Amino acid sequence: MTKLKVGWHREHFLSPLLQFAEQDKGDTFELVECPGGTGEMQVKLKNGEIDLCIALTDALIAGLANSQDSYKLVGRYIASPLRWAIITGKDSQYNTVDQLKGTTFGISRLGSGSQVMASVLSLNEGWTEDEQPKFKVNGQFKPLRDSVNSGETSVFLWEWFTTKPHVDSGEVRFIGSVYTPWPCWHIAASPSSSSSQISQFLTSLQQYVRKFNSPEAREKDDVDFVTSYFGHQREDVVEWLKSVKWEEDLLQVKESVVRDTLKVLAKAGVVKPEAESLDIGTFVNTDVAQIV
């Protein structure tokens with residue numbers, strides 16, 4: 001049987017997947033790193049470079065609502081929201097969110113989580129049509145940081161704890177944060193991939209994910225893994241683990257999560273309002289995932 005190609009982004013949320021990969025040793029799947037995040041994974045799914053990915057809920061659902069057909073949801077991964085940092089340059093003129101009205105935000109790719117959450121921020125802040133942010137595609141994390149320091153962009157949005165070491169070093173600054181109004185990570189796969197193979201992969205991954213909900217994980221075992229692999233400060237990892245709730249059953253997708261996410265995305269102008277009435281089959285591969 002052909003090995004699954006699994007897209008991933010270098011974030012601590014993917015630690016259970018990395019632990020599974022260490023045990024699998026390449027027998028059943030291989031990891032394909034996607035530094036550009038969810039946007040890059042969507043491109044790789046379209047190009048047939050990966051079979052499956054663990055990625056941001058909002059960007060995956062927005063892509064499907066906007067007629068992407070190279071993947072469908074096959075499972076869920078994180079039950080808690082994601083904290084997005086609002087990041088500016090070390091010497092920039094920006095110190096508050098209110099100063100960002102009408103400025104140019106850096107994003108990784110069009111339709112990416114960094115763009116979706118900029119629109120959610122605008123919605124939360126009640127910015128008018130004239131105050132909406134403009135967008136500059138910068139690609140990966142390093143060019144985004146360079147862009148706010150050069151003044152090419154005012155800010156960009158990225159996951160809080162991934163960015164924190166670069167704030168601690170003085171390279172960039174936090175000026176705020178915004179939380180997703182939905183569970184932050186889901187699992188998507190190409191419709192051309194084997195449903196049985198994907199189901200087997202997710203069933204095996206589930207034991208590693210569940211372990212991260214255990215007291216032992218939060219106190220020592222997985223703190224050690226995340227600290228060692230990603231180089232984060234131990235106290236940051238402990239704080240992060242306290243904020244995360246992992247899904248217990250990966251092979252399920254909640255219809256209410258899809259519907260509620262679509263409502264917010266429509267209000268934020270990320271998808272058209274009629275997307276809210278699309279059939280759930282537009283979003284979920286029911287040969288793999290149970291709709292609950």
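This is a predicted model: local features need pLDDT of at least 70, side-chain atom pairs count only at pLDDT 80 or more; totals for chains, interfaces and linings use all residues.
**Two loop residues**

Start by selecting lysine 25, in the loop that links α1 (15-24) to β2 (29-33). Its phi is positive, about 55 degrees, although lysine 25 is not a glycine. Is this residue buried or exposed? Lysine 25 counts as exposed because its relative accessibility is 65%, and the cut-off for exposed is over 50%.

Next, select serine 67. This residue sits in the loop between α3 (57-65) and β4 (72-78). Serine 67 is not a glycine either, and its phi is positive, near 80 degrees. With a relative accessible area of 64%, serine 67 is exposed.

**The five-stranded sheet**

Now show the strands β5 to β9. In what order do the five strands of this open sheet lie? The order is β7-β6-β8-β5-β9, and the pairing is mixed. Go to the edges, where β7 (134-137) and β9 (172-179) stand. Each of these two has a single partner strand, so one side of each is left without a neighbour in the sheet. On average, neighbouring strands of the sheet are turned by 35 degrees against each other, direction ignored.

Within the sheet, select residues 104-107 and residues 155-159, which are strands β6 and β8. The two strands run parallel and are joined by two bridges. Then pick out glycine 106, which stands opposite phenylalanine 156 in β8.

**A helix across the sheet**

**Two packed helices**

The last stop is a helix pair. Two packed helices are described by the angle between their axes and the distance between those axes. Select helix α6 (residues 160-168) together with helix α10 (residues 234-242). Their axes come within 11 Å and cross at roughly 150 degrees. An angle over 145 degrees counts as roughly antiparallel, so α6 is roughly antiparallel to α10. The crossing of α6 and α10 is right-handed.

To see the contact itself, show the side chains on both helices. Which residues make it? From α6 come Phe161, Lys164 and Asp168, and from α10 come Asp236, Glu239 and Trp240. Sorted by class, this contact of α6 with α10 has four charged residues, two nonpolar and no polar ones.

Note on methods:
Residues are numbered from 1 along each chain as its sequence is written. Side-chain values use heavy atoms; hydrogens and water are left out. Helices (H or I, at least four residues) and strands (E, at least two) are DSSP runs, numbered from the N terminus. Buried means under 20% relative accessible area, exposed over 50%, partly exposed in between (1.4 Å probe, protein chains only). Two strands pair if DSSP finds at least two bridges between them. Axes are lines fitted to C-alpha atoms, for helices over the stretch in contact, and angles run from 0 to 180 degrees between N-to-C directions. Angles under 35 degrees count as roughly parallel, over 145 as roughly antiparallel, 65 to 115 as roughly perpendicular and the rest as oblique. A crossing is left-handed if the near helix is turned anticlockwise from the far one by less than a right angle, and right-handed if clockwise. Contact means heavy atoms within 4.5 Å. Ala, Val, Leu, Ile, Met, Phe, Trp, Tyr, Cys and Pro count as nonpolar, Asp, Glu, Lys and Arg as charged, and the others, Gly among them, as polar.
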